[in-house]
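Please look through the sequence and the structure shown below before reading the short report that follows.

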Amino acid sequence: MNSNRAFSLTRQRLAVLYAGTMGLILAASGFSLYHSMAHERWQSLNRKIETFAGTLHDGIEPALEQPGVVEPVIDQFLPGLMCLNSTQCPEQSSPLERHIAGVTQQENYYVRFIDMSGKVLAAAGQKPEGLPPQANRDIWQTLEATNGTPYRQISLFLKTQDQVPWGYLQIGQSLEEYENYLAQIRWTLTVGFTPAILLVTGASWWLSGVAMRPAYQAYQQMQQFTADAAHELRTPIATIQSTVEFTLDEPELSTAEAHDTLRIIDRQNNRLSTLVQDLLLLSRIDLQSNALNLEICCLNSLLEELVEDFSGRAIAANLTLKTDIKTSAPLMVLGNEEQLYRLFSNLIANAIHYTPPRKPPRKPLIIHMHEEERDAVISVQDTGIGIPSAEQSLIFNRFYRVNSDRSRQTGGIGLGLSIAQAIALAHHGTIQVKSELGIGSTFTIRLPLKLA
Ligand code: ADP
């Protein structure tokens, strides 16, 4: 396939299209995987901050008495609380009550208390430099410390027991771990994508080859068919041409010589017209196999007609033609009668051709017919020269002849069985051969019956 430029180019294009499409699908899947993982992580980070902040808020708020005053309850929840901007811190409380404290150390949290004017009153946990206090109504913020580390922060409003605004509780966590996690996923996806795309490219090349194989085989058959047809056409044309040239070179032509020349031209002409008709028939069957001019045909009367038409030829070849019809009622099929006639006539003509004259006693040429599993089974049985088993699967190929010399003597061009097979297939039937060299051949056709 690769030696043919058109097929090789098409294969390359197909492979590029496959690889491109698969690459896009892979990239889109990777992208959406990355986003869903990032989203999931972001949600879990927010949930954690929210839970921590909610617990702290609910623990502290009921004990707040005066706006801007850091009450002992705050220190109970957060050990190591540092009061800033000259705010007074309460006495250190009992260590038993410091149950939330550990979280601030373990999980990179910071906790800040801000009064209503935005002044930081106290802080615990991490100490990021340069984070603005952000005393506003936005609950969630993403901020950046002076060293560039991003932080996710929640701000919860606090009020005293008398419902007077106290200030804000701010809890934040560094996004460094989150960003490292995303960078890790990005790296894994990028590293995984390269071999995946290489695999996809290889698979695309292989798949495009597999997909194009039937088309290439059909193309090769077509090429072979064209070459064979040209070869078959050339022989009679060359014979006519040389005969005409030879005759023209003759200064004087007797009537007998003129007749001989015309006979040769006539014979070759017949050969040419048979060949052209056969080729036309084959291409018509190929083109119209789905749109045959179908009618209900009675196989019994068709076989009777064939026996009548071929009896003379059989007698001339010193043969007898018999039928063996085992059907209780006439068998009907849906088909094209002209083509079915051609199918059986090709088989009978071959049976007569390939049964050489022998000394008596001579077995007759028999056409059997019976019904089997909703099919009409018709076989043409001869006691002729037979077909070598190695060639039995090839004889249905166009222009194939068993031992060209042997067949050429009979005038065949190797299209008879191809036509028979094409007609059988166009009628949703099958054709098979059983043959033994020197014993004879039986060609069997199965055609689906048209049931009432
Ligand atoms: P052709 O026109 O040469 O007969 P066919 O397609 O009809 O071509 O047959 C293909 C080949 O099959 C022939 O060359 C012939 O050798 C072989 N063949 C067909 N029918 C018979 C038969 N009944 N007995 C022996 N050989 C046969």
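## Helices α7 and α9

At roughly what angle do the axes of helix α7 and helix α9 cross? The axes of α7 (residues 337-353) and α9 (residues 416-426) cross at roughly 145° and come within 9 Å, where axes are lines fitted to C-alpha atoms over the stretch in contact and angles run from 0 to 180 degrees between N-to-C directions. Helices here are DSSP runs (H or I, at least four residues), numbered from the N terminus.

This is a predicted model, in which local features need pLDDT of at least 70 and side-chain atom pairs count only at pLDDT 80 or more, while totals for chains, interfaces and linings use all residues. Residues are numbered from 1 along each chain as its sequence is written, and side-chain values use heavy atoms, with hydrogens and water left out.

In the contact (heavy atoms within 4.5 Å), residues of α7 including Leu340, Leu343 and Leu347 meet residues of α9, among them Leu417, Ile419 and Ile423.

## Helices α1 and α4

Helix α1 (residues 5-60) packs with helix α4 (residues 176-249) at an angle of about 155°, and their axes are 7 Å apart. The two helices are therefore roughly antiparallel to each other, a term for angles over 145 degrees.

## The second largest pocket

The second largest pocket holds about 360 Å³ of space, a volume being the space filled by probe spheres set on grid points joined across faces, edges and corners. A pocket is an open set of points on a 1 Å grid over the protein atoms alone, where a 1.4 Å probe fits, with protein on both sides within 12 Å along at least five of seven lines.

Its lining (residues with an atom within 4 Å of a point) has 13 residues, and Gln221, Met222, Phe225, Asp286 and Arg398 lie nearest the centre of the pocket. Helix α4 gives the most to this lining, with 6 residues.

Methods:
Parallel < 35°, antiparallel > 145°, perpendicular 65-115°, else oblique.
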